[in-house]
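Subject: Structure handover

Hello,

Here is the structure for you to look at. Please open it first, then read my notes below.

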Amino acid sequence: MKKKILKALKDSDKYVSGEELSNTIGVTRTAIWKHIKQLKEEGYKIESISRKGYKLVSEPDTIDSKALEIELKDKSFIKEIVHYNTVDSTNSQGKLMAAQGAIEGTIVISEEQTGGKGRLGREWISPKGTGIWMSIILKPNIEPQEATIITQITAAAVASAIIKLTGIKAGIKWPNDIIVDGKKVCGILTEMSGELNSINYVVVGIGVNVNMNQEDFPEELKEVAISLKESFGEDLSRKELVIKILSEFEELYLDFINTNNAQKSISICRELSVTLGKQVKIVQRGKTILAEALDITEDGELLIKSSDENIQKVVSGEVSVRGIIGYI
Ligand code: BT5
C-alpha cells in the first residue's frame, strides 16, 4: 500500500489530491493519510496542502528493499532485494540463501556489516549507513574455472556506474579494486560453490565507500582507503549509486551470458586499468614476482612479462598486485 502511494507521488511532479490517491489505490482517504504520515516518519519529505493534496519533496537516502524495488521495477534481472540493518557479511548471507534455493538476481544489501570479508580471510571495514555493502546471487551455466571473469564484469560495472553518475575518474586495479585518486574506494569479492564441472552458485560482493570521512577509516587504512565523498566534495546518494551499479551490471552480465564472451567488460577493464603498463609485484601463495603488466586477456587474466622476459598469464583469485612503490 505504502509502495503504491509512494509510486503515485513519484510519478507526478504536481500535487496529488487525497481523493485521486484513494480512487487509484482503492482505499479510503483516511488510510491514505495514515500511510503518508508513516512515510514522513520514515524520512520522506511530503508537503501537504489542503485542497491541493500531497507532493513528494525529497526521499531519505535509504537503500531498503521498498525504495529500491520501486526504482528497479523495470529491471528484469533483479528478482528480489533483501535488506538488513545489520548483518555479519552480505556474502555469507548470500551464500546461505543461494544454498537454500534463492534464485539468480537476488540482491542482499545491508546498512552495516559486523564481519565484512575481503579475500583470503582479510577484513572489510563496513560502517553503518555510509557505504554500499551488497552481494548479488548468480547461477550461471558456465564452467567453474570461468567464474573469475565475474570479478572483471563487476569491476567494469562499478567503475562505469561511478563515472557516469559522478564524473569521478575511477580506475580499475586488476583484479578486484576500484581506485579513486590513487586509493581504494571499492573492493569486490567473488565466491563460488560448485562441483568439478558445474557451478551451484556464485555470490559476488561489492563494497563501496560512499559517504565516509577520512576519520571514519581505521589508522592502518588511511593511506590506502578513500570514499567517493572525499573526492566529490559532498554526500552522494547511495540509492542512486546502487541502482546505477545494478543496471550497469545487468547489462554487462547478461551480455556475457548471451554471447558467451565478456568482450564488453574486458574492454572497459582495459580502458580504465590503472595496472596496465606498470611495473607490478605479484604476490601469490607467498611467492613474489616482479613484472610488467602487459594486458588483460579475453578470459580476464593478467598478462605479465617478468624480469626474466618470461610472458605469462596470472589468474585472479588469490593474487595481490602491488605497485613497486605505492599501492597501485
Ligand atoms: C576486497 O578484498 O577488496 C574485497 C572486499 C569485498 C567487500 C564486500 S562488501 C559486501 C560483501 N560482503 C562481504 O563480506 N564482502 C563483500 P581484498 O582485495 O582482500 O582487500 C582487503 C583489504 O582492503 C584489507 O586487508 C584492507 O587493507 C583493505 N580494506 C578493508 N576495508 C576497506 C575499506 N572499507 N575501504 C578500502 N580498503 C579497505
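Helices (H or I, at least four residues) and strands (E, at least two) are DSSP runs, numbered from the N terminus. Helix H1 covers residues 2-11. Asp 11 and Lys 7 are four residues apart in it, which means that about one helical turn separates them. They form a salt bridge, with the closest N and O atoms 2.6 Å apart. A salt bridge is a side-chain nitrogen of Lys or Arg within 4 Å of a carboxyl oxygen of Asp or Glu. By this rule the count is 18 salt bridges.

This is a predicted model: local features need pLDDT of at least 70, side-chain atom pairs count only at pLDDT 80 or more, and totals for chains, interfaces and linings use all residues. Residues are numbered from 1 along each chain as its sequence is written, and side-chain values use heavy atoms, leaving out hydrogens and water.

Which atoms make polar contacts (pairs of N or O atoms within 3.5 Å) with the ligand? The side chain of Gln 113 has an N or O atom 2.8 Å from a ligand nitrogen. A backbone N or O atom of Ile 125 is 3.0 Å from a ligand nitrogen. For Asn 176, a side-chain N or O atom lies 3.1 Å from a ligand oxygen.

Best wishes

Note on methods. Polar contact = N/O pair within 3.5 Å; in protein donor to acceptor, adjacent residues only side chain to side chain.
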